Amino acid sequence: MSARSTPAFDPRDRQWHPQALVPNYNSTRLRSPSEPLLQMPPSVSEVSGPVFGHNELGALDADMIRNAAVSGDPVGERIVVSGRVLDEYARPQANVLIEVWQANAGGRYRHVRDGYLAPLDPNFSGYGRCMTDSEGRYTFRTIRPGPYPFPNNGCAWRPAHVHLSLFGASFAQRLVTQFYFEGDPLISRCAIVNTIADPKAVDQLVAKLDMDAQVEFDSLAYRFDIVLRGRNGTWFEEGCS
Amino acid sequence: MVLKKTLKETPSQTAGPYVHIGTLPSVAGIDVPTHRTPGNTGLEGGAPIIIRGTIRDGGGDLVKDAMVEIWQANAGGSYGPGRTGWARSHTDFETGEFRFETMKPGKAGGQAPHITFMIFARGINLHLHTRIYFSDEADANAADPLLNLIADAGRRNTLIAQPDPGSNNTWRFDVVLQGEGETVFLDI
């Protein structure tokens with residue numbers, strides 16, 4: 001690896017991201033470091049990253065309406081979610097693995113640790129995966145999740161949301177986030193959403209209803225575009241396989 | 001060519017307590033036949049090792065709902081191919097312990113042998129990033145660019161795994177999220 005004057009990635013904008021300690025979200029109080037983070041330009045360890053193949057995905061991974069169905073389709077609003085994964089320089093990000101998890105239409109997770117009283121749906125697991133194509137496009141089909149309560153200064157409610165985990169080409173681009181649904185009045189009331197200070201950053205997490213992408217007489221559609229950290233185009237490492 | 005940033009990175013949000021559904025479905029209780037077995041990097045060649053550890057919060061309690069990932073070079077110091085060198089585990093719901101099976105990494109890019117380590121969990125709004133170094137690499141550690149940025153020896157030692165006295169080829173890496181003995185976390 002040769003030393004170049006321009007690092008492969010600029011540091012994250014940590015004013016745009018949520019702060020680590022946001023006391024109104026109780027769980028951050030004991031899980032946030034008190035020391036400042038140690039900053040260093042990326043090395044080969046962060047510029048490289050695991051590469052996943054389209055052939056690793058199961059045939060129904062991107063179809064959460066069918067991938068856990070045992071006796072028919074799950075209950076709830078059928079939706080198609082699609083968008084593009086770009087970097088900060090607006091370049092499409094191909095072959096990004098996107099992992100998806102969510103509650104069912106009643107707000108219940110299929111997880112050994114979730115005991116919310118809303119019932120499980122025997123035909124829905126809330127698990128999914130997809131990958132972006134050469135133009136950075138992705139799509140998956142699911143059921144719109146329901147809101148649910150969680151303990152946070154008493155009873156707090158999560159807006160309907162879907163969790164996403166993304167792998168770009170570099171481990172430095174790793175991102176886990178959630179998206180919300182346009183028009184949900186719970187968004188502005190949510191302590192987890194409000195860990196983000198800038199309203200424009202919150203708006204970046206709101207999927208927009210996309211009538212043009214509906215499947216007629218079948219499913220509504222939402223659009224959610226995602227931006228990963230952008231690798232500086234003038235830098236490249238040597239010796240990274 | 002001079003490139004200009006025109007977009008902001010999508011903000012992070014916590015992975016939450018049910019992160020296992022999407023990342024380690026079998027741990028959540030979901031059977032997905034095409035999803036890989038967690039915990040092994042798939043590396044071959046070199047010295048096989050096991051890495052075990054726990055994550056404690058600022059109150060000293062074990063964090064038992066975290067998902068953790070590692071990414072490392074092979075014994076020759078090269079990354080890849082594919083996803084080889086990457087693995088995922090979780091802190092056990094009962095014991096709080098994570099566990100990885102891998103090969104000891106070699107030196108990569110002029111750095112001491114190390115493993116990138118990331119933590120995703122409820123209450124962590126943007127995943128925490130740190131590194132695992134090895135206590136039997138004293139010379140390489142003394143010359144490592146990242147370790148040398150940490151002036152305080154006690155803090156530097158939070159990144160250095162120690163041999164587990166109870167078992168062969170096993171290294172312990174215990175993380176403290178906050179307060180006394182707090183692990184050094186990175187912004188890279």
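In this predicted model, A:A90 counts as partly exposed because 15 C-beta neighbours lie inside 10 Å, between the limits of 12 or fewer for exposed and 20 or more for buried. A:A90 sits in the loop between β2 (78-87) and β3 (97-101) of chain A. Its phi is near 65°, a positive value in a residue other than glycine. Most residues other than glycine have a negative phi, and most peptide bonds are trans.

Chain B holds a residue with a positive phi as well: B:N169, at about 60°, is not a glycine. B:N169 lies in the loop between β7 (160-163) and β8 (170-172) of chain B. It is partly exposed, because 13 other C-beta atoms fall within 10 Å. A cis peptide bond is found between B:G80 and B:P81, with omega about 0°. B:P81 belongs to the loop that links β2 (67-72) and β3 (86-90) of chain B.

The two chains meet through 65 residues of chain B and 74 residues of chain A. On the chain B side, the elements giving two or more residues are α1 (20-23), α2 (25-28), β5 (115-120) and β10 (186-187). Of these, α1(B) gives the most, with four residues. By class, this side of chain B has 31 nonpolar, 26 polar and eight charged residues.

Strand pairing also links the chains. Strand β1 (residues 38-39) of chain A runs parallel to β10(B), and two bridges join them. Within this pairing, A:Q39 stands opposite B:D187 of β10(B).

Conventions
Residues numbered from 1 in each chain as written. Chains lettered and ligands numbered in written order. Predicted model: local features only at pLDDT ≥ 70, side-chain atom pairs only at ≥ 80, totals over all residues. Contact = placed C-beta atoms within 7 Å. Nonpolar A, V, L, I, M, F, W, Y, C, P; charged D, E, K, R; others polar. Pairing = 2+ DSSP bridges.
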